[in-house]
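Colleague: I have a few questions about this two-chain model. Could you take me through it?

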Amino acid sequence: MAKKKFVVGCFDDEAVLFPAVKKVRTAGYKIHDVYTPFAVHGLDHAMGLRETSLHTAGFIYGITGTATALSSISWIFTKDWPLNIGGKPHFALPAWIPIMFELTVLFAAVGMVLTFCYLCQLAPFVKKHHFHARATDDLFVMVIECTDKTNTDDLQAFLQSNGALETKVEVAEDGWWLGRYDKDEMPFEEKQIVAA
Amino acid sequence: MASLRTQFEVPGKMKTWSYALIGLGLAALLYGMFTKGFSSDEHEQVHFWGTLMYNTIFWTLICNASMFFISVTTLAQAGFTQTFRRIPEAISTLVPIFGAITFAVLLYIVFGHKHHIYHWLDAEAVAADPILKGKAGFLNPTFFVIWTTLTIALWSFLGWRIRKLNDEADAGPMDRETSEKFIHRGTVRTAMFTVWFGLTVGSTVPWLWMMSIDAHWYSTMYSWYTFVSSFVAGMSLIALWVIYLKNKGYLELTSQEHLHDIGKFMFAFSIFWTYLWFSQYMLIWYANIPEETVYFKHRTQGAYKGIFFFNLIVNFLCPLLILMKRSAKRNYTLVTFMAVLIIFGHWIDFYQMVMGSLMKEHVSLGWLDFGILAFFVGAMILFVGTALSKKPLIAKYHPYLKESVIHQV
């Protein structure tokens, strides 16, 4: 993974964040991501993110589960090992439906969780750069990816004029790497309290 | 707010259509009544009164489902319904009207001693039958009439109280204390309705009105099944009216977000219906006890086989596959199509629940069914339209209105 240069702007209000996102996009900057302490309704639309395909994947996993259950049970009970159970026909569909249903749910659920983790690049020991520790607490952190031509001072001033409380330039890894938070660098710094 | 069109006016075209449908329906109804209903042939009588019965019960229940929708959303403190709440309110004003028709039909069947419909009306047969004797405490004319009267009267009365309370939200702005009190009163009133709804549609009434046609057979699932069938059709009816009014340029504050939530109800309860359909079917299929399979015998293997499985396709497979996608639930055309399909599907469901037991030999679906359906559709359009025009379409000062306006799924 490559290290890239980013400009980070912090906001403390949704009402300020939304117009800022809009202006930054209209100005032609590329937003890397916006980190928020909680899910913000409509932010994905404001950022112009495309709709997730997670549900389509879920549907495919579900269908796979149904097909797996139906094909395996029907093969077992009609070809491999036919048993007379209560005088029912070997192809006893109603009795299988609960199992088909449960395998559908199982496949869809497990598949979607794994796909979600993959899409978000979440896994044990996978580490990502934190642009601002307070993104998990009380700040909305907008991260803008710089190109060679980006004037970071102008961009910071632009963000400040749009309501950013704090701005900074960071050169950071944009992808993930293997590591552990407790062994490597801490994502936050202990604040030095200086007596006035 | 001043620019909102909150006053619905019944268009002339709607009136013409509803009168035409009512006229057509009445013609079929009266013709059927004199050729079949009052004929000396028991078979013809059963055909007519059974057809009339399932239609009246179906339409009463789906209109009552609107009041149930209002009640549960109020109890759950759901705000999103406020921009279109006057629609379920208007639909629920039909409960007394359709309820009275149902009441008259049921009373005619009981006092007219139509024991070919309700076998338990035949006192001699009951006396000689240990199973029916055991049920006589529940299945007897006195209890039937008292419980039916109470049911329809209380649905109408409790629903009327809920609608009346909501009129206060038209009057003027409320301060904090008044709004809290208003919400609390709404909670109490809707809770009362919900309890009564549970005691009737959720348990006793479908057993009494419809399941008792197969007097020997019983299924504890039956009432739930009937409730869900009517609820999902009721949600579809609400969806149709919301879309109709949107099309006419009303309900500016209702958007795709609200439609999405109604669509979710239609989708989720279609699945729930299937769950109950299957639970009822599988247990009986698995145990294979003759006294239980008697209900399914002529439905899965006899004349009703086609309708029985068509029902499953229309009410399960279509909503499952078509309404599953988010974009489908936000699409006005698709939701309209699905709403019509679901209402029709559950009407067919009620048809096979009643007529499948009354006319086991052949499927009676024909001009009489569609004629009476036309009557009820026409009456529904006329009365809901009139009810909508009597009040503003939005209760402007409801405390939850803002929540509904900014609602986002």
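This is a predicted model: local features need pLDDT of at least 70, side-chain atom pairs count only at pLDDT 80 or more; totals for chains, interfaces and linings use all residues.

Modeller: One definition before we start.

Colleague: How are α4(B) and α7(B) oriented to each other, roughly parallel or roughly antiparallel?

Modeller: Take helix α4 (residues 94-111) of chain B and helix α7 (residues 141-171) of chain B. Their axes come within 10 Å and cross at roughly 175°. The cut-off is over 145 degrees. The two helices are therefore roughly antiparallel.

Colleague: How many charged residues does the contact of α4(B) with α7(B) have?

Modeller: From α4(B) the contact takes residues including B:V95, B:F103, B:L106 and B:L107. From α7(B) come, among them, B:F144, B:I152 and B:W155. By class there are 11 nonpolar and five polar residues, and the charged count is no residues.

Colleague: Which helices of chain B are among those that cover the buried residues of α1(B)?

Modeller: Helix α1 (residues 12-37) of chain B has buried residues at B:S18, B:L21, B:I22, B:G25, B:A28, B:L29, B:G32 and B:G37. An α-helix has 3.6 residues a turn, so residues three or four places apart point the same way. The cover over these buried positions includes α2 (42-75) and α15 (367-390) of chain B.

Colleague: Where does B:Y286 lie, and is it buried or partly exposed?

Modeller: B:Y286 sits in helix α10 (residues 256-287) of chain B. From B:V232 it is 54 residues away in sequence and 28 Å away in space, C-alpha to C-alpha. Buried would take 20 or more other C-beta atoms within 10 Å, and exposed 12 or fewer. B:Y286 has 14, so it is partly exposed.

Colleague: Turn to chain A. At what angle do α3(A) and α4(A) pack, and is their crossing left-handed or right-handed?

Modeller: The pair is helix α3 (residues 54-80) of chain A and helix α4 (residues 93-119) of chain A, with axes 7 Å apart. In the contact, α3(A) contributes residues including A:G58, A:Y61, A:G62 and A:G65, and α4(A) residues including A:W96, A:M100, A:L103 and A:F107. The contact has 15 nonpolar, nine polar and no charged residues. The angle is about 145°, and the crossing is right-handed.

Colleague: Why is chain A more spread out than a compact globule?

Modeller: Chain A has five helices and six strands. Its C-alpha atoms fill a box of roughly 85 × 40 × 35 Å. For 196 residues the globule rule gives 16 Å, so chain A is more spread out than a compact globule, its radius of gyration being 25 Å.

Colleague: What is the radius of gyration of chain B?

Modeller: Chain B has 16 helices and zero strands. Its C-alpha trace spans about 70 × 45 × 40 Å. The globule rule gives 22 Å for 409 residues, and chain B is close to that, so it is as compact as a globular protein of that length, with a radius of gyration of 22 Å.

Colleague: What share of the residues counts as buried in chain A and in chain B?

Modeller: Buried takes 20 or more other C-beta atoms within 10 Å. Of the 196 residues in chain A, buried ones make up 16%. Of the 409 residues of chain B, the share is 43%.

Colleague: How many residues does each chain give to the contact between A and B?

Modeller: On the side of chain A there are three nonpolar, two polar and no charged residues. The contact takes six residues from chain B and, from chain A, five residues.

Notes. Residues are numbered from 1 along each chain as its sequence is written. Chains are lettered from A and ligands numbered from 1 in the order in which they are written. Two residues are in contact if their C-beta atoms, placed from the backbone, lie within 7 Å. Ala, Val, Leu, Ile, Met, Phe, Trp, Tyr, Cys and Pro count as nonpolar, Asp, Glu, Lys and Arg as charged, and the others, Gly among them, as polar. Axes are lines fitted to C-alpha atoms, for helices over the stretch in contact, and angles run from 0 to 180 degrees between N-to-C directions. Helices (H or I, at least four residues) and strands (E, at least two) are DSSP runs, numbered from the N terminus. A crossing is left-handed if the near helix is turned anticlockwise from the far one by less than a right angle, and right-handed if clockwise. The radius of gyration is taken over C-alpha atoms; the globule rule is 2.2 Å times the number of residues to the power 0.38. Angles under 35 degrees count as roughly parallel, over 145 as roughly antiparallel, 65 to 115 as roughly perpendicular and the rest as oblique.
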